[in-house]
Amino acid sequence: MAVPRALEHWSPRTGHGRVWHSVLRELAPRVRLHQVGADGAGRRPLRPPDVWLADGHEEPPDGALPLVVQVHEAGWLDPATRGHLPDALVARLAGPTERAIRRARAVIVPSEWARRTLVEGGLGEPDRVHAVAHGVDARRFAPGRADPARAASLLPRLGGRPYVLFVGHVGPRKNLPALRDAMTALAAHGLPHALVVAAGVAPGDPASDALRRGALAELPGAPGRVLALEGADDGDLAAVLATAAALCLPSHAEGFGLPALEAMASGTPVVVSDRGALPEVVGDAGVVSAPDPAALAAALRRVLEDPGLAARLGEAGRARALTMPWSRTADGWLEVLAGAAAERR
């Protein structure tokens with residue numbers, strides 16, 4: 001199997017990088033991986049590869065080999081999602097992604113929602129687009145990683161206050177302002193919880209710095225309730241995830257929603273929006289809400305004020321996450337790759 005060498009340079013701290021590092025690590029013992037540079041250079045394999053595996057958000061590689069691409073999502077094809085995506089991001093991704101999909105023998109996406117988006121958008125025949133869910137390292141993200149002391153050291157202004165965690169970036173699609181409004185409402189109801197934001201810049205959005213300042217601003221009438229988690233490694237994130245009272249992803253759309261699955265593996269209750277693939281990811285092991293502030297506040301209040309419900313959701317989330325290891329994702333990818341290689345033969 002040939003893969004672009006550039007994939008190894010993706011940071012595993014990003015969702016995109018975590019997927020590629022995790023799946024390639026699982027595939028490595030099962031196939032012969034042949035890394036190829038952008039100029040086509042690479043150590044000559046013992047025999048010609050049977051198939052190309054590439055990132056579907058980059059320009060497709062040249063050559064006669066069957067090509068399989070992994071596409072996280074193409075939200076610009078969904079009318080309900082397009083308005084929440086920065087024009088600069090769409091301009092950068094749409095062309096290469098659409099060319100890669102048209103060139104590919106098969107396309108792997110992480111959810112049925114992402115699959116429907118491509119098929120209904122006219123970018124892939126139904127039998128060429130395969131939904132294979134992402135996975136989670138349930139040893140790294142686990143209830144035993146809960147560490148209030150470590151969380152407090154990472155968030156020195158927390159002062160022992162319980163918190164709701166957001167993980168993602170600050171782009172409009174993530175809908176962080178609605179979560180901030182929901183947290184403001186919870187504070188007005190007397191709940192003590194802070195909002196911890198583990199968010200990077202918004203890809204392709206020139207207004208990212210302003211969005212980040214807005215995301216970390218004080219909540220009206222509830223000062224000291226918004227904290228940023230910055231520079232955290234996976235161990236830090238695992239501790240903060242497992243210690244959180246809840247994780248909330250209020251996104252307008254997600255191709256998958258990896259932070260939700262990692263929170264579930266950590267035994268932390270999750271509240272997610274009813275958009276994109278998020279309902280697929282959590283199933284009945286989380287609370288699914290409309291993405292407006294009032295609905296999010298009501299959903300969070302249910303979880304935060306009911307320790308029994310929070311415990312049941314934590315147990316159900318952990319059980320669901322255990323059925324979704326990265327080895328299962330690699331199995332699905334390998335089946336698609338083998339099918340593409342067999343067509344060539």
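**Labels and the values behind them**

Strands β3 (residues 52-55) and β4 are paired in the parallel sense, with four bridges between them. This is a predicted model, in which local features need pLDDT of at least 70 and side-chain atom pairs count only at pLDDT 80 or more, while totals for chains, interfaces and linings use all residues. Residues are numbered from 1 along each chain as its sequence is written, and side-chain values use heavy atoms, with hydrogens and water left out.

Q: What makes β3 and β4 a pair?
A: Two strands pair if DSSP finds at least two bridges between them. Strands β3 and β4 have four bridges, so they qualify as a pair. The names themselves come from DSSP runs numbered from the N terminus: helices are H or I runs of at least four residues, strands are E runs of at least two.

Q: How do you know that β4 and β5 pair as well?
A: DSSP gives three bridges between β4 and β5, in the parallel sense. V69 has V107 in β5 as its bridge partner.

Q: Why are both faces of strand β4 called covered?
A: L67 and V69 on one side of β4 (residues 67-70), and V68 and Q70 on the other, are all buried. Buried means under 20% relative accessible area, exposed means over 50%, and partly exposed lies in between (1.4 Å probe, protein chains only). In general, side chains in a regular strand alternate between the two faces of the sheet.

Q: What makes the buried residues of helix α4 lie on one side of α4?
A: The buried residues of α4 (residues 112-120) are W113, A114, T117 and L118. They cover an arc of only 135° around the axis, so they sit on the same side of α4. That arc is taken from the directions from the helix axis to the C-beta atoms. As a general point, an α-helix has 3.6 residues a turn, so residues three or four places apart point the same way. The buried residues of α4 pack against α2 (79-82), α3 (87-103), β5 (106-109), β6 and α10 (278-282), where contact means heavy atoms within 4.5 Å. Just after α4, G122 has a positive phi of about 80°.

Q: Why are β9 and β12 the edges of their sheet?
A: The six strands form an open sheet in the order β9-β8-β7-β10-β11-β12, with parallel pairing. β9 (226-228) and β12 (287-289) each have a single partner strand, so one side of each is left without a neighbour in the sheet. From one strand to the next, the twist averages 25°. Inside the sheet, three bridges join β10 (residues 246-249) to β11 (residues 270-273), and L249 stands opposite V272 in β11.

Q: How do you know that helix α8 packs on the sheet?
A: Helix α8 (residues 234-243) touches β7 and β10, and its direction makes about 135° with that of β7. Axes are lines fitted to C-alpha atoms, for helices over the stretch in contact, and angles run from 0 to 180 degrees between N-to-C directions.

Q: Why do D234 and R18 count as a salt bridge?
A: A salt bridge is a side-chain nitrogen of Lys or Arg within 4 Å of a carboxyl oxygen of Asp or Glu. For D234 and R18 the N to O distance is 3.1 Å, so the pair meets the rule. The pair links distant parts of the chain, with D234 in helix α8 and R18 in helix α1 (residues 15-27), 216 residues apart. By this rule the count comes to 18 salt bridges.

Q: Are D234 and R18 buried or exposed?
A: D234 has a relative accessible area of 16%, so D234 is buried. R18, at 8% relative accessibility, also counts as buried.

Q: What makes R102 exposed?
A: The relative accessible area of R102 is 57%, so R102 falls in the exposed class. R102 also forms a salt bridge with E98, with the closest N and O atoms 4.0 Å apart.

Q: Why is D147 called partly exposed?
A: D147 has a relative accessible area of 29%, so it belongs to the class in between. D147 lies in the loop between β6 (129-131) and α5 (148-154).
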